[in-house]
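Please read it with the structure open beside you.

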Amino acid sequence: MSERIFVRRFEAELGDSPARYIERLRVEIACETFCSGERSVKRVAAIAGFRAEERMRRAFQRTKGIAPSEYRDRFARDTD
């Protein structure tokens, strides 16, 4: 199967491009990591598979409409 056909079929089945789908999965991993108590944005970005904090920040803005630090401050579990 060619890459072009794969992308078309992927989009037809899941309603999103492969890249956007992976980005959404990474944001969800980051959210879960924040909620489990991790406080460092840099560490969460690495755990979730983002190459840089800035990439995670832009992905959060696109998918959640807020910055990762704001998400962390609102939803992270206190471990103290």
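Predicted model: local features only at pLDDT ≥ 70, side-chain atom pairs only at ≥ 80, totals over all residues.

1. Helices here are DSSP runs of H or I of at least four residues, strands are runs of E of at least two, and both are numbered from the N terminus. On that basis Arg72 belongs to helix α5, which covers residues 68-75. Arg72 is buried, at a relative accessible area of 16%, where buried means under 20%, exposed over 50% and partly exposed in between, with a 1.4 Å probe and protein chains only.

2. Residues are numbered from 1 along each chain as its sequence is written, and side-chain values use heavy atoms, with hydrogens and water left out.

3. The largest pocket has a volume of about 240 Å³. A pocket, on a 1 Å grid over the protein atoms alone, is an open set of points where a 1.4 Å probe fits, with protein on both sides within 12 Å along at least five of seven lines, and lining residues have an atom within 4 Å of a point. Grid points are joined across faces, edges and corners, and the volume is the space filled by probe spheres set on the points.

4. Which elements give two or more residues to the lining of the largest pocket? They are α2 (18-35) and α4 (53-63), and the largest share, five residues, comes from α2. The lining includes Ala19, Arg20, Ile22, Glu23 and Arg26, together with Gly49, Phe50, Arg51, Arg55, Arg58, Ala59 and Arg62. By class, the lining residues divide into four nonpolar, one polar and seven charged, with Ala, Val, Leu, Ile, Met, Phe, Trp, Tyr, Cys and Pro counted as nonpolar, Asp, Glu, Lys and Arg as charged, and the others, Gly among them, as polar.

5. Gly49, one of the lining residues, sits in the loop between α3 (41-48) and α4, and is partly exposed at 33% relative accessibility. Gly49 and Phe75 are 26 residues apart in sequence, and their C-alpha atoms are 21 Å apart in space.

6. Side chains of opposite charge can pair when their charged atoms come close. Ten salt bridges are found in the whole structure, a salt bridge being a side-chain nitrogen of Lys or Arg within 4 Å of a carboxyl oxygen of Asp or Glu. One of them joins the side chains of Glu38 and Arg43 at 3.5 Å, N to O, and Glu38 is partly exposed, with a relative accessible area of 22%.

7. Within helix α4, Glu54 and Arg57 lie three residues apart, about one turn of the helix, and their side chains form a salt bridge of 2.7 Å, N to O. Both are partly exposed, Glu54 at 35% relative accessibility and Arg57 with a relative accessible area of 35%. Glu54 also meets Arg58 in a salt bridge of 4.0 Å, N to O; these two residues are four apart in α4, and so are separated by about one helical turn. Arg58 is partly exposed at 38% relative accessibility. Salt bridges that share partners also join Arg20, Glu23 and Arg62 into one network.

8. What makes up the nonpolar surface patch of about 320 Å²? Met1, Ile5 and Phe6 do. Patches are made of residues with over 30% relative accessible area and no salt bridge, with like charges joined within 9 Å and nonpolar side chains (Val, Leu, Ile, Met, Phe, Trp, Tyr) within 5 Å; accessible areas come from the Shrake-Rupley method with a 1.4 Å probe, and for residues only the protein chains shown count as cover. Met1, found in the segment before α1 (3-14), is exposed, with a relative accessible area of 69%.

9. Glu28, in helix α2, is partly exposed, with a relative accessible area of 36%; the C-alpha atoms of Glu28 and Ile66, 38 residues apart along the chain, are separated by 13 Å.
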